[in-house]
Each structure stands twice: as C-alpha cells, then as structure tokens.
Amino acid sequence: MVCFCFLVDQTRQVQRRKPAAGTCSRCGAGACVADMKTATRFCYVPFYWKSWRAIMCTFCGAVIRSYH
Ligand SMILES: [Zn+2]
C-alpha cells in the first residue's frame, strides 16, 4: 500500500476579521473574531473546504476559541 500522506496539506485563510472582547492568553494582545477557511489540498489541488469561525489574537495569531 502506497502512502500519500506527504502529498496532502492544509492551508488556513482568514476571510475577514473584526474586533472582539477578550485578550490573548499567550501575549495579552487584543482578540478578534475571524471567519476562517481551511482548504485541504492533494498535490496542491484543493479538494475540500471548511469554513469556521474563531476568536483569535490580533498579534500572534493564536486561536483563543473556535466555533466549528
Ligand atoms: Zn497573542
């Protein structure tokens, strides 16, 4: 059986973001609500998309909370 794992990767894009209440637990910067889109690619060709929303840090990009 051939393993294709190395051909599959994921890219994460922030579609839009707006300020939100809360602070980052890692660096203490402000948080924002971000609409995220994760694309799973096979041989660099996207074949699966997932949209989700997350509270993330505006400074370091850490995901504080996610709503899948
Ligand atoms: Zn942070």
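**Entry 1: Thr 40**

I began with Thr 40, whose side chain makes a polar contact of 3.1 Å with the side chain of Gln 10. A polar contact is a pair of N or O atoms within 3.5 Å; within protein, one must be able to donate a hydrogen and the other to accept it, and residues adjacent in sequence count only if both atoms are side-chain atoms. I noted that this is a predicted model, where local features need pLDDT of at least 70, side-chain atom pairs count only at pLDDT 80 or more, and totals for chains, interfaces and linings use all residues. Residues are numbered from 1 along each chain as its sequence is written, and side-chain values use heavy atoms, with hydrogens and water left out.

Thr 40 sits in strand S2. Strands (E, at least two residues) and helices (H or I, at least four) are DSSP runs, numbered from the N terminus. I found Gln 10 opposite Thr 40. Thr 40 counts as buried because its relative accessibility is 11%. Buried means under 20% relative accessible area, exposed over 50%, partly exposed in between (1.4 Å probe, protein chains only). I then listed contacts (heavy atoms within 4.5 Å). Beyond its neighbours within four places in sequence, Thr 40 touches residues including Val 8, Asp 9, Val 45 and Tyr 48.

**Entry 2: the strands**

I looked at S2 and its partners next. Two strands pair if DSSP finds at least two bridges between them. S1 and S2 pair in the antiparallel sense over 13 bridges. S2 and S3 are also antiparallel, over 12 bridges. Arg 41 has Pro 46 in S3 as its bridge partner. The S1 and S2 hairpin has 6 residues between the strands, and Gly 28 there takes a positive phi near 85 degrees. The hairpin of S2 and S3 has 2 residues between them, with Cys 43 in the turn at a positive phi of about 55 degrees. S2 is largely enclosed by the rest of the structure, because 10 of its 13 residues are buried.

**Entry 3: salt bridges**

How many salt bridges does a search of the whole structure find? I got 3. The criterion is a side-chain nitrogen of Lys or Arg within 4 Å of a carboxyl oxygen of Asp or Glu.

Asp 9 forms one with Arg 41, with the closest N and O atoms 2.9 Å apart. Asp 9 lies in S1 and Arg 41 in S2, so the pair ties together parts 32 residues apart in sequence. Asp 9 is partly exposed at 26%, while Arg 41 is buried at 19%.

Asp 35 forms a salt bridge with Arg 16 at 2.7 Å. Asp 35 also meets Arg 53 in a salt bridge, 2.7 Å from N to O. Is Asp 35 buried or exposed? Asp 35 is buried, at 14%. Arg 16 is exposed at 56%, and Arg 53 is partly exposed at 36%.

**Entry 4: the zinc ion**

Which residues are the protein donors of the zinc ion? I found Cys 24, Cys 27, Cys 57 and Cys 60, each through SG, lying 2.3 to 2.4 Å from the ion. Donors are N, O and S atoms within 2.8 Å of the metal (3.2 Å for Na, K and Ca); water is not among the atoms, so sites may look incomplete. The 4 donor atoms subtend angles of 102 to 118 degrees, so the arrangement is tetrahedral. Four donors count as tetrahedral if all angles lie between 85 and 135 degrees. I wrote down the spacing C-x2-C-x29-C-x2-C. Cys 24 and Cys 57 are both buried.

Key. Tetrahedral: all angles 85-135°; square planar, octahedral: opposite > 155°, others 65-115°.
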